[in-house]
Amino acid sequence: MPDWFRRRPSSPPAGEDAEQRRGRHAATSAAVPAGLFVKCDKCGHLLPTKEFERDLRVCARCGHHHKLTADERIAAIADADSFRELNAHLRSEDALAFPDYAAKLEKGEQASGRKDGLVTGTARIGGYGCVLGVVDFRFMGGSMGSVFGEKFVRAAEHALARKLPFVVFCASGGARMQEGLLGLMQMAKTSAAVARLCEAGVPYLVVLTDPTTGGAFASFASLGDVILAEPGAHLAFAGARVAQQAAQTHKPPANYQTSEFQEERGMVDRVVPRKELPATLTRVLAFFPTSEPSSPNGEAALNGTTSAAAAATAGARNGKGQAN
Amino acid sequence: MPSMTVLDFEKLIDELEGNIAKTREIAAREGRANEVLADIAQLEENRDALMREFFQNLTRWDNVLLARHEKRPYALDYAPLLFDDFLPLAGDRLFGDDDALVGGLAVFEGKPVVLIGQQKGRDLKERTRRNYGYARPEGYRKALRLLKLAERFNRPVITLIDTPGADANVPSEERGISEAIARNLREMSVLRTPIIAAVIGEGGSGGALGIAVADRVLMLEHSIYSVIAPEGCASILWRDPARKSEAAEAMRVTARDAHELGVVDEVIPEPLGGAHRDPETAAAALKDALSRHLKEISRLSRTRLLAQRYDKLRALGRFCEPGVDGAEESTGGSGNDTKPAAATS
């Protein structure tokens, strides 16, 4: 039997927790690059790898959107070679000396090649300059620790200082337990940064991808001026265990906690297939007065440390730099 | 007695107190009340010594048990002890009301304020009505309505935190519990009026934070504040909710921990044995702290108040930032300087 027909192990290795399970899932499932075919995680259909890649890892048969890594996401959404990463050097500190946290961080780094799940930088989408944040779910399930929060806020401040729209692709299991209360506080920290954008009239756009749950969904991910979602993503406040208990008292609808459910309930503006996201985001970006399509001195506007931008950043940090 | 929890210990104390009461009663009946005075004083002293010793060595799990104690004073128990007046108001003007999250107009030391608090129930009937303190979207939206009211009329806000978490049942998910909490986090971070939050019992995750973004965050000594319930943490990490006490240790859920992590500004001491043994004394200490902090933040201009609040939120977290000019790694986020390594360059 050829290698690429072999079933992946269906039961998780012993001693693995839910977070690692999710991380492994994202890392190994559809992303097996060696074979000629890839098996859809949802319908089991065998898809030619080349076509699967061309379709941005969306199953041609059932439309299931497989998870993307940070780099794949950036490639799928940003104009070619437009992404410049910011603050990639920030690393987690095990402030609580939490059991196994250090090992999990290392695993996350190995799996994703990054020091945190949140990857931020400047980019262009459809020619519009923006600050872009994407989450690599392989890094501890995209959970929000101190580095996640800090990078989010620095990205928001970068956007604020340059009046660039801030576009975030979310995939996160929520606050990171291994940082205790500091993990929880990233909900407040990221939301405070969004509030500043809101007050300064800087657009903040969110694309919800699979999965966005818990503290992420209950903070920055629900605060976009416009909120898009990929089809079939798991979007929920309650984790699976709690949802199961809850289902015993109230019967949930068939599409419970999916993008489509959240759209029906008014929590999401539009469910947009992955392939259409660049075009849809471009139309959204075109609406905002802050947006400007690429100009000759484009890179300077996005990343330049002009004295004005630097002053604005410093001012924003001191709480007095906002325009208006 | 290393394996004894605080609840077991309380049973011992109750027994001891029963004996003291009985001694007193018998002596009184036999007309010898004066003769046993010294004995009773000795017994009471012994009791207090035992309590002091036990409470000096509380585990974090003991603190969880105290924070959830069925006799622990709730927001509505503190209301009459802290405020000259409290007029509860209801409804989110969108869908309904929520008895797990109470709020209204109150008078604190002669001045009008808005009070918002989470409320568990005392008996089964009340617990059911109040959903065991698990607030629903309506609760958070009512809270936001009251916060906006306070802002428009320039009144400070005091919030009392005591919830196991936000409600995660199907109807709450359908009505956007995530959005309701998220919106409060955003709005509270820029609300143009002073806010003080005090954790009085259980600070359960996002459900607690949804009314706890504030200029000052206080915690009663035996309350807890946690990213997830210890049971939940244990079942996710180790697939064994029974390891809850281990999870409480690992997550560092106590008031002192929260203070050390820079999340909480002040830990308010509770009377010996916990707030439920003497609610009046606990309330007096809480009132004193609220009064002090309110005076301090009320002096600030609105611009300054909001700048400080942002800086406070901005500084939450601890991380490593390798030095920008070859300097050693520095730890960010815990001081006033919000961008440690780069700020000096």
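How many salt bridges does the rule find across the interface of chain B and chain A? The rule finds five there, a salt bridge being a side-chain nitrogen of Lys or Arg within 4 Å of a carboxyl oxygen of Asp or Glu.

1. Basis of the note. This is a predicted model, in which local features need pLDDT of at least 70 and side-chain atom pairs count only at pLDDT 80 or more, while totals for chains, interfaces and linings use all residues. Residues are numbered from 1 along each chain as its sequence is written, chains are lettered from A and ligands numbered from 1 in the order in which they are written, and side-chain values use heavy atoms, with hydrogens and water left out.

2. Extent of the interface. Chain A contributes 69 residues to the contact and chain B 57 residues, where contact means heavy atoms within 4.5 Å. Between them the two chains bury about 5600 Å², of which 65% is on carbon and sulfur atoms. Buried area is the accessible area (1.4 Å probe) that two parts lose on being put together, summed over both.

3. Polar links and the side of chain B. One salt bridge joins E321(B) to R154(A), with the closest N and O atoms 2.9 Å apart. On the side of chain B that touches chain A, α8(B) gives the largest share, nine residues. By class, that side has 29 nonpolar, twelve polar and 16 charged residues. Here Ala, Val, Leu, Ile, Met, Phe, Trp, Tyr, Cys and Pro count as nonpolar, Asp, Glu, Lys and Arg as charged, and the others, Gly among them, as polar.

4. Strand pairing between the chains. Strand β4 (residues 91-92) of chain A pairs with β9(B) in the antiparallel sense over two bridges. Within this pairing, R91(A) stands opposite C320(B). Strands pair if DSSP finds at least two bridges between them; helices (H or I, at least four residues) and strands (E, at least two) are DSSP runs, numbered from the N terminus.

5. R141(B). This residue belongs to helix α6 (residues 137-152) of chain B. R141(B) counts as buried because its relative accessibility is 18%; buried means under 20% relative accessible area, exposed over 50%, and partly exposed in between (1.4 Å probe, protein chains only). Its side chain makes a polar contact of 2.9 Å with the side chain of E179(B). Not counting residues up to four places away in sequence, R141(B) also touches others, including D92(B), L94(B) and R175(B).

6. Backbone points in chain A. Most residues other than glycine have a negative phi, and most peptide bonds are trans. A cis peptide bond joins D210(A) and P211(A), with omega about -15 degrees, and P211(A) lies in strand β8 (residues 204-213). L56(A), in the loop between α2 (49-54) and α3 (70-77), has a positive phi of about 55 degrees and is partly exposed at 22% relative accessibility. N87(A), in the loop between β3 (84-86) and β4, has a positive phi near 55 degrees and is buried at 18%.

7. G121(A). Strand β5 (residues 118-125) of chain A holds G121(A), which is buried at 0% relative accessibility. The C-alpha atoms of G121(A) and G133(A) are separated by 6.6 Å, the two residues being twelve apart along the chain.

How values were computed:
Polar contact = N/O pair within 3.5 Å; in protein donor to acceptor, adjacent residues only side chain to side chain.
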